[in-house]
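Please find below some notes on the model, for use alongside the coordinates.

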Amino acid sequence: MISDPNVVTLLYLVSIVCFVLALRFLSSPKHARRGNWLGGVGMIVAIATTLLLEGIGNWVLIAVGAAIGSAVGFVGARKVKMTAMPQMVALFNGVGGGAAALVALAEWHKTASPGGSETVSIVLSALIGSISFAGSLVAFGKLQELVSGRPIVFPAQNVVDVIVLAAAAAFGIAAVAGASGDWVLFALILLALLFGVMFVLPIGGADMPVVISLLNAFTGVAASATGFVLDSTVLIVAGMLVGASGTLLTLLMAKAMNRSITNVVFGAFGQVQAGAGGARTDDGRTVRATTPQDVAVQLSFARKVIVVPGYGMAVAQAQHDVRQLADVLEERGVDVKYAIHPVAGRMPGHMNVLLAEANVPYTQLFEMDEINPEFAQTDVALVIGANDVTNPAARSDTSSPIYGMPILDVDKAASIVVLKRSMRPGFAGIDNELYLDPKTTMLFGDAKDSVLKLISAVKAL
């Protein structure tokens with residue numbers, strides 16, 4: 001057991017330094033693995049120090065909980081496919097928020113005299129943690145397609161949301177004012193859970209990167225509030241690091257879509273627009289289909305190819321085949337690069353994670369601002385499952401729901417090939433003007449099958 005408070009403080013300081021350095025290293029793909037290791041070491045030190053404090057008991061329950069949690073984490077890390085990483089992140093967000101709410105409930109039950117600063121921390125931990133837990137479960141359901149990815153709305157939904165949140169806050173105020181009884185916090189948690197569900201249901205799949213970041217920030221703030229409840233400095237700091245980084249990432253994701261956070265949360269973005277997916281002609285322009293053999297010729301004799309991955313690539317689990325296609329083209333002297341839009345996929349960095357898992361060199365991955373000037377000098381832009389992030393309507397159509405959103409300048413390439421299952425609109429619920437561009441050809445089918453056919457066709461040349 002550790003009885004010296006100075007030793008405890010020093011060990012917790014080591015944990016905090018590890019967490020800060022982990023965030024620093026995670027900011028670059030080159031050092032991300034080191035960041036993960038540092039974060040893990042910091043957490044091990046924090047947990048071990050806490051378990052060695054005087055007064056820690058009930059070792060059987062602690063061992064059982066640790067065994068269950070370790071088993072779930074190990075299985076998740078080893079078995080969950082990279083394409084399902086957004087769902088796992090959403091679940092982990094929810095687990096963190098739920099844990100904060102449970103700790104708050106336990107501490108409230110132990111509190112002899114409600115009211116005061118400790119009660120404020122308990123209320124905030126229960127409120128924010130419950131919202132994060134319920135919202136994350138709904139996000140998981142949408143990502144796993146157990147719930148429709150389209151916004152689920154009903155009349156006066158925002159008004160009802162405000163009423164539910166206000167009611168939860170009223171119980172919180174009552175608790176801080178001195179109301180006693182477990183029912184007070186139970187009512188707060190139930191209303192917060194309901195709000196969490198209603199909060200995420202009207203948010204469409206296209207906004208999942210922002211939602212995941214926002215819920216991550218909620219979980220961090222809830223954990224920090226729990227740190228005040230438990231008088232744990234390391235938990236306060238770790239929670240605020242998560243909350244601050246999650247908030248910053250949320251703002252960056254919203255900026256990448258040129259939309260405000262309120263529009264993301266309350267805009268019900270992603271409802272199918274009237275007429276979307278209808279006529280496929282515009283001023284005499286039509287969609288042109290192509291074959292793997294024709295595309296292979298374009299790719300093989302190109303000087304420069306930019307691959308634009310999107311959620312369709314993730315669904316088809318085609319990242320390994322895309323890398324193989326790039327390898328085959330590079331053997332022919334083709335310069336291959338990857339254009340990564342900040343909100344492509346279902347979570348921040350989704351495309352980077354998938355391509356890294358396929359061992360695509362980090363040096364070939366370029367963010368939107370870096371790669372956009374190069375499209376004008378590109379022979380072929382190969383779009384694999386990306387939709388809204390390549391739609392020129394974001395620049396020109398003021399009536400479009402994505403107007404003003406920064407996009408990849410795919411339409412400036414000499415030739416554009418789009419791999420897509422069908423002509424269904426993307427998450428924004430609108431047609432993509434890029435598909436009517438005379439320079440664009442469509443290779444219909446499952447992305448994985450199409451890429452495999454392209455590999456065979458290129459090798460056959």
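At roughly what angle do the axes of helix 5 and helix 6 cross, and within what distance do they come?

1. The model is a predicted one. In it, helix 5 (residues 117–143) and helix 6 (residues 157–177) cross at roughly 160 degrees, and their axes come within 9 Å. Helix 5 is therefore roughly antiparallel to helix 6, the cut-off for that label being an angle over 145 degrees. The crossing of this pair is right-handed.

2. On the helix 5 side, the contact is formed by Thr119, Val120, Val123, Leu127 and Ile131. Helix 6 contributes Leu165, Ala168, Gly172, Ala175 and Val176. By class, the contact of helix 5 with helix 6 has eight nonpolar residues, two polar and no charged.

3. The second pair is helix 4 (residues 85–110) with helix 8 (residues 208–230), packed at an angle of about 25 degrees with axes 9 Å apart. Because of that angle, helix 4 is roughly parallel to helix 8; the label applies to angles under 35 degrees. The crossing of helix 4 and helix 8 is left-handed.

4. Helix 4 makes this contact through Pro86, Val89, Asn93, Gly96, Gly97, Ala100, Val103 and Glu107. From helix 8 come Ile212, Leu215, Asn216, Thr219, Ala222, Ala223, Thr226, Val229 and Leu230. The residues of the contact of helix 4 with helix 8 comprise 10 nonpolar, six polar and one charged.

5. Turning to the strands: is strand 3 (residues 304–309) largely enclosed or left open by the rest of the structure? Six of its six residues are buried, so strand 3 is largely enclosed. Lys304, Ile306 and Val308 point one way from the strand, while Val305, Val307 and Pro309 point the other way. Residues on both sides are buried, Lys304 included.

6. Strand 3 has parallel pairings with strand 4 and with strand 6. With strand 4 (residues 335–340), the pairing runs over four bridges, and lysine 304 has aspartate 335 of strand 4 as its bridge partner. With strand 6 (residues 380–384), five bridges make the join; here isoleucine 306 is partnered by alanine 381 of strand 6.

Technical notes. Residues are numbered from 1 along each chain as its sequence is written. This is a predicted model: local features need pLDDT of at least 70, side-chain atom pairs count only at pLDDT 80 or more; totals for chains, interfaces and linings use all residues. Side-chain values use heavy atoms; hydrogens and water are left out. Axes are lines fitted to C-alpha atoms, for helices over the stretch in contact, and angles run from 0 to 180 degrees between N-to-C directions. Helices (H or I, at least four residues) and strands (E, at least two) are DSSP runs, numbered from the N terminus. Angles under 35 degrees count as roughly parallel, over 145 as roughly antiparallel, 65 to 115 as roughly perpendicular and the rest as oblique. A crossing is left-handed if the near helix is turned anticlockwise from the far one by less than a right angle, and right-handed if clockwise. Contact means heavy atoms within 4.5 Å. Ala, Val, Leu, Ile, Met, Phe, Trp, Tyr, Cys and Pro count as nonpolar, Asp, Glu, Lys and Arg as charged, and the others, Gly among them, as polar. Buried means under 20% relative accessible area, exposed over 50%, partly exposed in between (1.4 Å probe, protein chains only). Two strands pair if DSSP finds at least two bridges between them.
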